[in-house]
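Reader: I would like to go through this model and ask what stands behind the terms used for it. Please set each value against its cut-off.

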Amino acid sequence: MSGAGWLASPGRALRGEVVVPGDKSVSHRAIMFASLADGVSRIDGFLEGEDARATEAIFRRLGARIETPAAGSRVVHGVGIDGLRAADGPLDCGNAGTAMRLLAGLLAGQSFDSILVGDASLSKRPMRRVTLPLSRMGARIDTGEGGLPPLRIHGGTPLTGVEIATEIASAQVKSALLLAGLYARGRTTVIEPQPTRDYTERMLAAFGWPIDFAPGRASLEGGHRLRATDVRVPADFSSAAFFIVAATLVPGSELRIKRVGMNPRRTGLLHVLRAMGADIHAEAADEQGGEPVADLVVRHAPLRGIEVPVAHVADMIDEFPALFVAAACAEGATVVRGASELRVKESDRIGTVAAGLRALGVRVDETADGATIHGGALGGGRIDSHGDHRVAMAFAVAAQRASGEVAIDDVANVATSFPGFDALAREAGFGLRIAG
Ligand code: S3P
């Protein structure tokens with residue numbers, strides 16, 4: 001996956017089967033809860049990406065012993081809910097917003113101080129969305145200027161459970177509050193403006209912590225313990241999304257993506273693509289580690305533009321770079337609204353994807369909380385992914401329909417969520433090579 005850039009151009013029809021790596025959200029949480037549990041947990045299907053490994057490295061420094069019996073597997077010797085110890089310096093979250101925001105809540109409940117730092121992209125991402133609600137529980141966290149990282153978390157501060165209606169539909173914010181709630185006196189309840197992914201809730205329950213939850217609401221009390229349990233991480237729907245869109249766009253394609261995580265809070269893209277005319281079938285539905293999984297069989301189909309229902313936005317929040325590319329290849333206009341969160345992801349995903357599509361000759365009208373993408377022919381050109389893994393992969397997909405070569409710069413961060421993407425994509429049929 002190394003190399004500063006890719007050169008992408010149409011390959012062949014996508015056929016056969018692919019298996020994409022483990023879910024990033026689940027991998028982060030599995031390390032966290034296994035580290036805090038009593039006993040030894042085994043994690044299989046762990047994402048060997050830089051983000052999940054950053055969380056793993058942090059928990060090692062906080063005292064957990066973690067073994068790697070094989071790639072994609074971890075054996076975690078939990079230290080117990082009060083067993084973490086202070087690290088000997090700042091904890092590096094790398095590119096991982098999930099690590100920094102969840103740890104802000106978790107570390108606010110410890111007896112010791114901690115400092116969380118991140119890479120250049122993470123250092124530009126807003127943290128007040130977690131520090132302000134956490135302060136209502138009694139947490140003391142200093143941010144850098146403008147509410148940005150680094151975070152200085154003062155330990156030894158008693159936390160009290162509160163009921164909080166969050167302003168932003170964000171699983172990271174909800175999870176930060178629930179993790180602080182593990183250490184709080186009394187009950188912590190989080191009510192969301194729209195339901196978001198519920199892995200924290202499901203996994204806390206699997207590790208034996210009493211928790212009530214339903215879409216848009218979660219509630220727990222402090223003072224319990226976590227029991228070691230084995231976790232099987234499903235394949236990441238957000239990684240599958242690039243293959244789903246590519247197989248839809250490239251004529252002659254028929255691709256099976258194996259055992260993809262189908263948590264309904266993640267699969268909004270399927271509803272939207274089907275409404276645009278996509279031919280996607282879920283087969284071999286099963287359950288893996290408490291999560292629904294299925295094979296997705298995707299055949300090429302022409303797409304038409306639609307207005308993306310705002311109700312699906314939270315359930316496809318990581319899939320907009322891929323959707324924008326699908327929209328650029330659709331007939332007519334696709335309108336996205338209610339997605340201002342895209343402005344504060346690993347890059348400003350409305351701005352970076354719109355700029356990239358324009359560089360390929362597509363008309364995109366931006367708004368503060370979305371865009372209108374006018375479908376049409378794609379030419380070649382040069383794309384700056386701004387270090388955003390999903391933007392880089394989305395343009396590798398776009399290039400499969402371009403009339404000229406697409407040079408994609410700054411792709412190293414693809415390794416944060418999808419190590420080996422370029423090789424797997426080539427195997428499936430993409431025209432994609434590493435630029436010199
Ligand atoms: C995540 C939540 C989402 C998502 C991110 C992972 C999580 O972020 O975009 O990739 O694991 O909780 P927000 O909470 O900012 O929406």
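Reader: What share of the residues in the protein chain is buried, and what makes a residue count as buried?

Author: This is a predicted model. Buried means a relative accessible area under 20%, and 59% of the 436 residues in the protein chain are buried.

Reader: How do you know whether the radius of gyration agrees with that of a compact globule?

Author: For 436 residues the globule rule gives a value near 22 Å, and the protein chain has 21 Å, so the two agree. The C-alpha trace spans about 60 × 45 × 40 Å along its principal axes.

Reader: Which secondary structure elements does the chain have, and how many?

Author: There are twelve helices and 25 strands in the protein chain. Of the contacts between residues at least 6 apart in sequence, 75% join residues at least 24 apart.

Reader: Why are the buried residues of α12 said to line one face of the helix?

Author: Helix α12 covers residues 421-428, and its buried residues are Phe421, Asp422, Leu424, Ala425 and Ala428. Seen down the axis of α12, these fall within an arc of 165°, so they line one face.

Reader: Which elements do the buried residues of α12 pack against?

Author: Their partners are the strands β1 (5-9), β2 (15-18), β17 (254-261) and β25 (431-434), together with the helices α7 (237-249) and α11 (389-399). After α12 comes Gly429, with a positive phi near 135°.

Reader: What makes the phi of Arg259 worth a remark?

Author: Most residues other than glycine have a negative phi. Arg259 is not a glycine, yet its phi is positive, about 45°. Arg259 lies in strand β17.

Reader: Is Arg259 buried, exposed or partly exposed, and how do you know?

Author: Its relative accessible area is 30%. Buried needs under 20% and exposed over 50%, so Arg259 is partly exposed.

Reader: Where is His386, and what is its phi?

Author: His386 is in the loop between β23 (381-384) and α11. Its phi is positive, about 55°, although His386 is not a glycine.

Reader: Why is His386 called partly exposed?

Author: The relative accessibility of His386 is 46%, so it counts as partly exposed, a class that lies between the 20% and 50% cut-offs.

Reader: What kind of peptide bond joins Pro149 and Pro150, and what is its omega?

Author: The bond is cis, with omega about 0°. Most peptide bonds are trans. Pro150 is in the loop between β8 (140-142) and β9 (151-154).

Note on methods:
Residues numbered from 1 in each chain as written. Predicted model: local features only at pLDDT ≥ 70, side-chain atom pairs only at ≥ 80, totals over all residues. Heavy atoms only, no water. Helix = DSSP H or I, 4+ residues; strand = E, 2+ residues; numbered from the N terminus. Rg over C-alpha atoms; globule rule 2.2 N^0.38 Å. Buried < 20%, exposed > 50% of the residue type's maximum accessible area, 1.4 Å probe, protein only. Contact = heavy atoms within 4.5 Å. Arc of directions from axis to C-beta.
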